[in-house]
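Student: I'd like to learn how to read an interface between two chains. Can you walk me through one?

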Number of protein chains: 2
Amino acid sequence: MSKQTKANLLGAGVKKEEDFSEWYTNVITRSEMIDYYDISGCYILRPWAYSIWEQIQAFFDAEIKKLDVQNAYFPLLVSEKALTTEKDHIEGFAPEVAWVTKSGDSTLADPVAIRPTSETIMYPAYANWIRSHRDLPLKLNQWVNVVRWEFKRPVPFLRSREFLWQEGHTAFSTKEEADQEVYTILDLYRRVYEDLLAVPMVKGVKSEKEKFAGGLYTTTIEGFIPTNGRGIQAATSHCLGQNFSKMFNIEFENDKGGKSFAWQNSWGLTTRTIGVMIMVHGDDKGLVLPPRISPIQAVVIPLHFKDGDTAAVDAKAKELVAQLKAAGVRAHLDDRPNYNPGHKYNHWELKGVPVRIEIGPKDLAANRVVCCRRDTAAKSNVELGDAFVSSIQSLLDEIQKNLFAKAVQERNNHVSYIKEWSEFLPALDLKHLVMAPWCEQVVCEDQIKKKSSEESKNKADEEKGFCLTGAAKSLCIPLEGQEHVKIPTIEEGTKCFCCDRKATKYTLFGRSY
Amino acid sequence: MSKQTKANLLGAGVKKEEDFSEWYTNVITRSEMIDYYDISGCYILRPWAYSIWEQIQAFFDAEIKKLDVQNAYFPLLVSEKALTTEKDHIEGFAPEVAWVTKSGDSTLADPVAIRPTSETIMYPAYANWIRSHRDLPLKLNQWVNVVRWEFKRPVPFLRSREFLWQEGHTAFSTKEEADQEVYTILDLYRRVYEDLLAVPMVKGVKSEKEKFAGGLYTTTIEGFIPTNGRGIQAATSHCLGQNFSKMFNIEFENDKGGKSFAWQNSWGLTTRTIGVMIMVHGDDKGLVLPPRISPIQAVVIPLHFKDGDTAAVDAKAKELVAQLKAAGVRAHLDDRPNYNPGHKYNHWELKGVPVRIEIGPKDLAANRVVCCRRDTAAKSNVELGDAFVSSIQSLLDEIQKNLFAKAVQERNNHVSYIKEWSEFLPALDLKHLVMAPWCEQVVCEDQIKKKSSEESKNKADEEKGFCLTGAAKSLCIPLEGQEHVKIPTIEEGTKCFCCDRKATKYTLFGRSY
């Protein structure tokens, strides 16, 4: 960030609906979440962003430890031999793999790759460790960095060449155990987004074409960015089946004395979480952070007026912060003498702090403070005294719930339920996700991609670019019975919305990141 | 680890004093701390080792947060331009830098390096962020992996091509603030080793020759491995002075309206911690883990005898584990039906668990258990009932203290205080550290290295290899007033033990890792 004038630093500088891309760049840099870096696609995660990642880690790490998952650390670097053991898998990653070929001035005899993911790093060891059914289940996780040298346009948090994630890698005696874990983890991922980040998800299974390379099936949670109408894969939990165990020879003596190959899963959640949350909740003033993950939940700002008792106001402000902190509220006192209140308001709004607490001489006299909510900008008086801390805690809970409810409504207002191809492009062009009866065939999905790309290009040419372009693809085949989104059931005789085959599942389609 | 017979898996397989190198390899693999990997110098940290790192992280992270240090994440990769900005610094690292030159099949236009440390990655950003004295102090830390492609013989934990560490990078307005932090952090490092790992340290300052490349001065804590008589640098806290701020233009408006360069520190603690702890405490049966960091502090083993009430014993064992866990003791029930007690004893001794609690029918009848200490192998009866949990907690405290006291005594028995060169090699050959009055001159240190190397080689030739070889170097110039080690003061007129100059400081020398 170069030196900027004060005026530019206030707010996002551009409206979210007018120039989403510039809005995003401004918000993440001005709020001090991200700084750009001299290698394209790599970013600096500043404390304001990293501490949100720490909140996510604390939640998820505690949950997987309850499931007896243990943390470990496997090397960053992988030999060519290990990396290429599973052919479908490496084909999925090969063009993005970064290769180390030199140390100092010397050329390495065998180049080594930086992990794009760790299946091929871990599973040779799993083959050594797993001998008997008594060695199973084996459940390991690691919190690490990975590198995928993508050449698509990078977007901080959403698509970067290095990112942080956790990757869980588990092995079981039976498919039933593996299946069960896949969905347990998927639901934990949903909870990270919905309960912590207040971002609604659709849980589902990936189509054959979109599943993880080398795996048996992939489950996913899919998010939605209303501003540009794009879907976004938020986290995936894969059942690898026995494909990898056969390639890496992860074989064990089963409880009947025979030999079996292990059933394996892998699952990952990345710093993409933070970007999705910013895009969904942020507004023209900057970030809007859900209280559960906000590094600061409430900022207290003492107001000084001429003839007011400055010392008493400052003392009370300090006391309130101490009370809040003692109750576990992440509170902060902004008593910087060199900034006026208006500047401070803008600063903390830009940074997305959920509640601002103002206290001046009149408030002090009336034994109250003024609370301003970041999500609605609503102001209210809150009495000081015994109920003060619990009032603030209730307000934080309410903000958390409101952000989620708003996001659910906005997402659901952007889902079109269709039956015919003719409805597909118009719905996408309304920036909608599309729920449609589908045949689940790979050849049909190829058609959907091709036709949506061509037709949207033709339309864009006609309308001189004033509409969305780009191919649509299946995001997921939603699971039934989800609380916040309607999944229709296929009626007898329903045809695929795109071809003449029989429809088998309502499927979610969209343009996506 | 290849399949091994049961007999081989018991204990370290070789005596620590007889073949230290094989002992170490056996202990770290058989205890399931480390697994070897197909890239030389890279290792797998299994949960038994990684959870010790998590304990260290939890302690240190909480302590630095009290000092207002914030966590962040900076990229793994660094451009050649940034890496080479500070000349002395890059000279120190250049031969060990791993270079990424390709992605997929494409050659990168500009090769990028994997971080060996992050000064040159972070400080261009610091230059943008630090404008005014109000932006200071800036205190950031990150928990990350780094790569140094060393060609010396790798030793798991102690010298690996990739390792985990934290690196703190701070900037201040004044040298006084920087100086103060350097020593505050150094003392936290000492506490990690002494209070958590029960390994005694000598705190000191590095000689001019041994300090961090590009820095102003380096403080260090130095450990000692009695078995081979080698010193080991355990962690370092550097004052960088203004060298980097001048190179990277980290300049700020000071409170007098003028311009100043920031005063900077950097400090790091690595997974080497774990290796030092293993080498110091381990014995012929395997690991000996200090209670404060042991993943399991007490293992409860129910004993079944013919005609004994197996169900009652099992129920009581389960109840004791629950009681211990409720009180925060990391307890584990080993009720595996397919192993006999002897096998279980060996297993948990190999893994270093501090306390084993045995309970059989006779114990149950007498309302007691038998506790066996890993550090001394002493057995004692412990009454069940109200005082049971606190008895175990006291025992754990006692073990922690005993391990440290033993290690202090052993280290101190291996420090020779000398005055003349003639005493130097004989002391080193007793596997001692050497404390000697020194002139602190670089030319003299060069001499010490050269002479000790030559003389020990000559002696080795004479004695056909039956003595230690290798150059000695200064480990540190110890700080005064350390609790557990005697630092003599220089008497007027004392000469350097190696040359004719005046001695200025008692300095610790040794052969080292």
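**Where two chains meet**

Tutor: Start with the area. Chain A and chain B bury about 4,700 Å² between them, with 60% of it on carbon and sulfur atoms. Buried area is the accessible area (1.4 Å probe) that two parts lose on being put together, summed over both. One caution: this is a predicted model, where local features need pLDDT of at least 70 and side-chain atom pairs pLDDT 80 or more, while totals for chains, interfaces and linings use all residues. Residues are numbered from 1 along each chain as its sequence is written, chains are lettered from A and ligands numbered from 1 in the order in which they are written, and side-chain values use heavy atoms, with hydrogens and water left out.

Student: How many residues of chain A are in contact with chain B?

Tutor: Contact means heavy atoms within 4.5 Å. Here 55 residues of chain A touch 55 residues of chain B.

Student: How many salt bridges cross the interface of chain A and chain B?

Tutor: A salt bridge puts a side-chain nitrogen of Lys or Arg within 4 Å of a carboxyl oxygen of Asp or Glu. The rule finds two across this interface. In a salt bridge between A:K65 and B:E54, N to O is 3.1 Å.
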